[in-house]
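This report is meant for someone meeting the structure for the first time. Please look over the sequence and the model below before reading on.

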Amino acid sequence: MTNRRESGTWGRLRARPGAVVAAAVLAALALLALAAPLLAALEGQDPTTYHDDLIDSARGGVPLGPYGGVSGAHWLGVEPGTGRDLFARLLYGARISLLVALGATVLQVVIGVGVGLAAGLGGRFADTVLSRLTDVLVALPMLVCGVALTSVVPADFPRPLLLVVVIGLLNWGGTSRVVRAQTLSLKKLDHVAAARLGGSGPWRVARRELLPALAAPVITYAALLVPTNIVVEASLSFLGIGVKPPTSSWGQMLSTATTWFRADPLYVLLPAAFLFVTVLALTVLGDAVRAALDPRERSRLRVGTPGGRRLRRERSAAA
Amino acid sequence: MTGYVLRKLGGALLVLFLLSVVVYLLFYVAPGDPARLACGPRCDAGQIRQVRDQLGLDESLVAQYLHFLQAIGTGRDFSTGTGVLHCPAPCFGLSYQNGQPVTTLLGDRLPVTASLACGAMVLWLLLGVGTGLLSALRRGGPAERVLTVLTLTGTATPVFVTGLLLLMLFCASLQWLPFPSYVPLTEDPEQWAWNLLLPWTALALLESAKYARLTRSATLETLAEDHIRTFRAYGLRERAVVGRHALRGALPPVIALNAIDLGTMFGGAMLTETLFGLPGLGQLLVHSVRTVDLPVVVGTVLGIGAAVVVASAVADVLYALADRRVTLT
Amino acid sequence: MAEPVPSSHPSRTATRAAAAVVAAVLAGGAAACGPKDAGAGGTGAAPAEGGTLTVLNSEPQTNFDPARLYTSGGGKVPTLVFRTLTTRNRADGAAGTKVVPDLATDTGRPSKGATVWTYTLKDGLKFEDGTPITSADVKYGIERSFAPELSGGAPYLRDWLVGGDTYEGPYKDTGKGGLRSIETPDDKTLVFHLRKPEGEFPLLATQTQFAPVPRAKDTGTKYEQHPVSSGPYKVVSNTGDGEHLVLERNPHWSRRTDDQRHAYPDTIDVKSGLDPAVINQRLSTGSGADAAAVTTDTNLGPAELAQIAADPELKKRVGTGHFGYTNYLAFNPKVKPFDDPKVRAALAYAVNRQSVVNAAGGSSLAEPATTFLPNQKSFGYAPDDPFPAGPTGNPQKARQLLEEAGYAHGLTITLTHSTAKDFATSPDVATAVQESLKKAGITVKLAGLEDNAYKDKVHSVTDEPGLFLGGWGADWPSGGPFLAPIFDGRQIVKDAYNFNHAQLDDPAVNHEIDEINKLTDLTAAAKRWGALDRTLGRRALSVPLFHPVYKRLYGKDVKNVVISDWDGVLDISQVSVK
């Protein structure tokens, strides 16, 4: 049963060209990030060396030459004010940004789904307590926590990990609310109600009836949490708990680049474009996974409604 | 119903209480001494001690907190040096930095943030849900593609980038709109809207993608459900199917998420407020955190907390309404 | 100390985080996209009275009490409302660093070896309600600055006046006739008694604590909502806690008694809480009221300069200002390895000031510094470089010194800096230093602290790190307030902020500071300050990095632009919009 289901999902996923392209793009991004030192070496640059001779100091440090100083030596130009190589900074930045954003997203989804399910399935008391807890968390501005955290966390604590924890622990309110709302409405659906009446415990109901049905909104939402987290990471650097200089990240690059979008448009466009491609790929993939998992179908199958079986037959025929 | 309201109210008070405790505790560990900041950089130890006395910071944290709670209930009198400043209940204290009553500061700024958040919400719901429906129903059309790319770009771009681009385009280059400055709704509704249009747009672009994707996904799910298929089979008009039934499936997650976003917007729109020069709660919060101005921070966070609680209560009610209709069909 | 805008001296300007955030992020995109009308900008056409001057600022006037403001108010809004015993000369450049009489008939008459200073008020001085300004009002203004409710001003009155260290202001001490070291023998005369000779007292008398406050109108902490004007404008409305101020002419101010403030516009409309990038964008676009607008607290950023360099019309509307300010690497010689002068000298040789200047915005916004004193004549500056290494540093020489100090195989040190995005102590400057020391085999670990934590740490005698990014601004353009707090051993502060980062307590240095303070001839004093700075420079207690330069953009209808070197602010008391 398990195997058949897996292969069915995979098969449907593989059959969607968009999904394949999106997955390939994401894999390529991950590969670029992993191979950053190698690729930078290939270019002959590194992300931290200053090149004062490549910028015009009197004009605010704008890169000399067209397109932000693009040349054979600096494939994507150099950073205004420092002359650091943008190609290298972009690739090294991908490591931090992708790691932090994905890590935080996983944390947010795990906590959010857990709390949301518990609030939706638990009794009125559990719901009240958990919902109010979420309210407290949502109302507590990250700025206030961030400032306090800086004085508690030791300076040599690994920064990317700290970012994952901070963003992950403080920003799961949205996920939990969406999950709670879906749970409340799913609870009333026939098959879930039947399972509950049939004596399944809440944990079993959650695992077998609800989680599959929640996959759709959660995956859809999580795909967009990734860019949000990258942007949050950028703003956290202002609180002193972002990436430490001279480390680069897309968020850090975007925030320093904003001012330059007239004087040196490429500087802004590069991180923005990378971020956009990531978002687009994640969205397409998330959509495809959502459709491929097709939760209703599976849960129906188990409860044994004829509708589910019929639906499945039609779908496979269409695919 | 009364029980429901009472339960909500109790929950709300609990949230506000917890928030105030958490903020007090966070300030205990946060760096910076409010007395030193109020006193100026060149004060000596004696002067700092005087200012600390003056601000009541010589008391223990617990005593300070109890005074804070007491002032909310009964109000409090403060010395201005030459006279007495009465801060009526509910009194959240005076700013450490400039002696203004926190309630005055909040009262000045709440309308600004409320205007910003509510207007932006309308816009992101229109843009988000609209795009979501469009992309669920007419897949692959040019309008759908443009809107989808627009919302995704918005999500992937920090608000300070989007905002500055909008300012450059509409206020500087084309000069279609004034550089925003807050005009109260009660003073001139038309100017209020014109001045807030760009901040609203910047926030809506940031938030709408989530709604678009959620709406799309939920609508597709609903459309595939049995009863909808049955309605279609019975020959119900497409518009009726979508309007009456499919959209309803999208409502729960959209309502739930909207409550969260609206709530956070009260405290989280600081970058937008700063960029557009809107004197709202976010700006106040940033400034007071920087200057370790505890009464103002507590007041602001409680204001945000109240907004979050109200938003989530309203969402619960809306959700119950939407839900009942779903079960009815 | 650390600030994005120089205008109000050390640190008090609690920078709004987000303002700084967006400032650093966005200070960009000023460009010529507004309609380019041919209106005569700048100082070309003759200034005339009338019209409304708009002031677009990032910092709101949250504190508008003369007791609480840190500096003279420079060319900013307070200068329009508060007149002081003396004031700075309203002139461009170096001429603007001179002190001139304001309420008083002269800059002060010293006696008893400059321990007693006497002032006489001009005739016909009036408050905005028409009551005459008396010496008692000036005395009361100074007295209330001692009240803990109204703290925030500079420490000089406390340190200099006899009994200043124990006086607690007029609210606590109501019966005793106030601060006895300020005598008011009649309505026109003030006599100040100082603990020791202070030749620079006339410069102190420019600060807003020397503005008259009528006792009957004093409302304590509420006074700032409507301070009583002695200047050419009065506050008509103050909304949003200083976010929006409207000033109109004070009919009781007379041009006859005030040759410093021109007061051309009829109305001053101050809008603050704006993002710096937006301020510059509005000034360059200049639509509507923004055409007659200036800013007193916002600089052009590097990206904006890059943009403006390409636009001749905008280029004409940029004024340049200087403020006595130095950014430097500060050593605490009590922490190893900085106890070794050779290590400190090695850092001085190794640092690449070109990189540092670029990190601070490039050569238009920062000038490389090799002296601790700002590079202005009024400070006694003369070109000097005790560790000459050229603009990009001399890593070889540094390596050699390190070898002599026993660090032949390199050295690892920690540099403490603030994470606030102002360019004095920011991560950008820290990174540039880190990168440039790498070439001399010095590995720098960066310790970025939240701004308050940073200030608490670097100004604590016990917690002070061995090496940090520091900055120091002048309370007035002279070597006195610049060198004494940093190098006078008696100014090591134990339980509050300490600025003597090297914790230097050298009797010879202390003695020389006392000797210079006796001089009432400020030119002679400046020479001695310069010489003292050169002596101190050789001890490598700090590595001067750069002096900031200010670029101020103004609206296209703005005339008579004056930017003095006192504080580099575009002086709004001089501006005309007609």
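The term pLDDT stands for the predictor's confidence in each residue, on a scale from 0 to 100. Residues are numbered from 1 along each chain as its sequence is written, and chains are lettered from A and ligands numbered from 1 in the order in which they are written. This is a predicted model, in which local features need pLDDT of at least 70 and side-chain atom pairs count only at pLDDT 80 or more, while totals for chains, interfaces and linings use all residues.

**Confidence**

For the complex, the predictor gives an ipTM of 0.88 and a pTM of 0.88. Chain A has an average pLDDT of 82, with 88% of the residues scoring at least 70. In residues 1-5 of chain A the pLDDT is below 50, and this stretch has 1 contact in the model beyond near neighbours in sequence, where a contact means that the C-beta atoms of two residues, placed from the backbone, lie within 7 Å. Residues 295-319 of chain A also have pLDDT below 50, and there the model has 30 contacts beyond near neighbours in sequence. Chain C has a mean pLDDT of 88, and 90% of its residues reach 70 or more; over residues 1-43 of chain C, however, pLDDT stays under 50, although the model has 167 contacts beyond four places in sequence for them. Where pLDDT is low, the predicted coordinates should not be read in detail.

**Annotated transmembrane regions**

UniProt, in an unreviewed entry, places the feature "transmembrane region" at residues 96-121, 133-155, 161-179, 210-232 and 266-293 of chain A. UniProt positions are given in the numbering used here, feature names are shortened, and annotations may be inferred rather than shown by experiment. The table describes some of these spans, with helices (H or I, at least four residues) and strands (E, at least two) taken as DSSP runs numbered from the N terminus.

| Span | Distance between end C-alpha atoms | Helix and strand |
|---|---|---|
| Chain A, residues 96-121 | 37 Å | 100% helix, 0% strand |
| Chain A, residues 266-293 | 40 Å | 100% helix, 0% strand |
| Chain B, residues 114-137 | 34 Å | 100% helix, 0% strand |
| Chain B, residues 149-177 | 25 Å | 79% helix, 0% strand |

**Chain C and its neighbours**

The contact between chain B and chain C takes 49 residues from chain B and 57 residues from chain C. On the chain B side, helix 2 (34-39), helix 3 (45-55), helix 5 (102-137), helix 7 (159-173), helix 11 (270-276) and helix 12 (281-290) each supply at least two residues. By class, that side of chain B has 24 nonpolar, 21 polar and 4 charged residues, where Ala, Val, Leu, Ile, Met, Phe, Trp, Tyr, Cys and Pro count as nonpolar, Asp, Glu, Lys and Arg as charged, and the others, Gly among them, as polar.

**Inside chain C**

Chain C is divided into domain 1 (61-237 + 251-260) and domain 2 (325-548), with bounds that come from an automatic or database domain assignment. The centres of the two domains of chain C, taken over C-alpha atoms, are separated by 33 Å, and their contact takes 13 residues from domain 1 and 13 residues from domain 2. The residues on the domain 1 side are 6 nonpolar, 5 polar and 2 charged.

The contact of helix 14 of chain C with helix 16 of chain C involves residues including C:L483 and C:F487 of helix 14 and C:W529 and C:L536 of helix 16. By class, this contact has 6 nonpolar, 3 polar and 1 charged residues.

**Local backbone features**

A cis peptide bond, with omega about 5°, joins A:P245 and A:P246, and A:P246 lies in the loop between helix 11 (202-236) and helix 12 (250-257) of chain A. Another cis peptide bond joins C:K336 and C:P337, with omega about 0°; C:P337 is placed in the loop between strand 13 (325-331) and helix 9 (341-350) of chain C. In chain B, B:Q175 is not a glycine, yet has a positive phi of about 55°, and B:Q175 is found in the loop between helix 7 and helix 8 (189-223) of chain B.
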